[in-house]
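I record here what I looked up in this structure, one topic per entry. The sequence and the model come first.

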Amino acid sequence: MAFPVRPEPPPPSGRSGRVPVAGTEVAWERWARPGAPRVVLVHGTSAHSGWWHPVVPALTDRYDVVALDLSGHGDSGRRQQYSMAGWAEEVLAVVSQVCGGRALVVGHSIGGLVAAGAAARDPAAVTGLVLADSIVSPPPHPAEVAVRPRAVRVFGSVAEAVARFRLEPPQPVGDPVVLERIAAGSVRPVAGGWSWKADPAIWDVVATPDGLTDVLPGVRCPVVVVRGERSSLVGPDAGPALARLWGRPVPQHTVPGAHHHLMVDDPGAFGAALRVALADLARRAEEAGHPAPVRPDLGPATNHIDH
């Protein structure tokens, strides 16, 4: 099945809303397909749920898709302090209160390690995991690849902010139209103009990659790796390295020509790779006796908004 190079993201169907987690509201949006396996999408550092919009069209005919904003990102609330464990609890809260208690989870970049943390903390909740260009082992010299947080900027217009938007780590822009959409969804109004939605305090957690992979040994669910052929962070040995760690097969799919930001480089090819990976995980979850839930479970703690 072919998908457009620049898919127009469908509007969220069914519901979008917020889940309160440890005093902060976590925003989510959903493309509902009742009766289909649930899939939760977790974005990377300083990103938001809109990063997934380019690949959502590849999934909604087969899955009930939910994308969330981790705290300190997108339209979710901010905290005094952030942690990988706290973000993992937010993923689990969305799985519990929006997805009926179990879901397949896809995480991009740091979002993959957050999702892995959720899988390790609650194996019954995460029935399968896709690590999308997520590091699987710390670099030998983490200080050399540490991300340096930028100063808070205020722009006079959304257009000015979009023009200043840059990918981190730096890479060629595969699809400028997709990047522009993502950039436009990354700003919020502030006094004097517009600024980035991401809270600068998030960098205290993710600025240095040392220790971020510590959760991986505790993951018990089936895992599939999807990486970019030209990724500067994830090499071709990622799947085999995890297979050695866990003593079980870890399939790996490579998106040709793509760098780290797969949904910007080639959303069609990335979406196709996710379909293959998720179909594999859904099959293995059913064989293990843990089929993905088919009934919504929107409890009273979930503030949902009908569209």
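**Cavity**

I searched the whole structure and found 1 cavity of 30 Å³ or more. A cavity is a set of points, on a 1 Å grid over the protein atoms alone, where a 1.4 Å probe fits but cannot get out; lining residues have an atom within 4 Å of a point. Grid points are joined across faces, edges and corners, and the volume is the space filled by probe spheres set on the points. The largest cavity has a volume of about 30 Å³. I listed its lining as His43, Gly44, Thr45, Leu70, His73, Trp87, Ile110, Gly111 and Val206. The lining divides into 4 nonpolar, 5 polar and no charged residues (Ala, Val, Leu, Ile, Met, Phe, Trp, Tyr, Cys and Pro count as nonpolar, Asp, Glu, Lys and Arg as charged, the others, Gly among them, as polar).

**Basis**

I note that the model is predicted: local features need pLDDT of at least 70 and side-chain atom pairs count only at pLDDT 80 or more, while totals for chains, interfaces and linings use all residues. Residues are numbered from 1 along each chain as its sequence is written, and side-chain values use heavy atoms, with hydrogens and water left out.

Leaving aside neighbours within four places in sequence, I found Trp87 in contact (heavy atoms within 4.5 Å) with residues including Leu70, His73 and Val206.

**Backbone**

Which residues does a cis peptide bond join? I found Glu168 and Pro169, with omega about 0°; Pro169 is in the loop between helix 3 (158-164) and helix 4 (176-184).

I checked two serines with positive phi. Phi of Ser46 is near 60°, and Ser46 sits in the loop between strand 3 (38-42) and strand 4 (64-68). Phi of Ser109 is also near 60°, in the loop between strand 5 (103-108) and helix 2 (110-121).

Is each buried or exposed? Ser46 is partly exposed, at 30% relative accessible area; Ser109 is buried, at 14%. Buried means under 20%, exposed over 50%, partly exposed in between (1.4 Å probe, protein chains only).

Notes
On a 1 Å grid over the protein atoms alone, a cavity is a set of points where a 1.4 Å probe fits but cannot get out, and a pocket is an open set with protein on both sides within 12 Å along at least five of seven lines; lining residues have an atom within 4 Å of a point. Helices (H or I, at least four residues) and strands (E, at least two) are DSSP runs, numbered from the N terminus.
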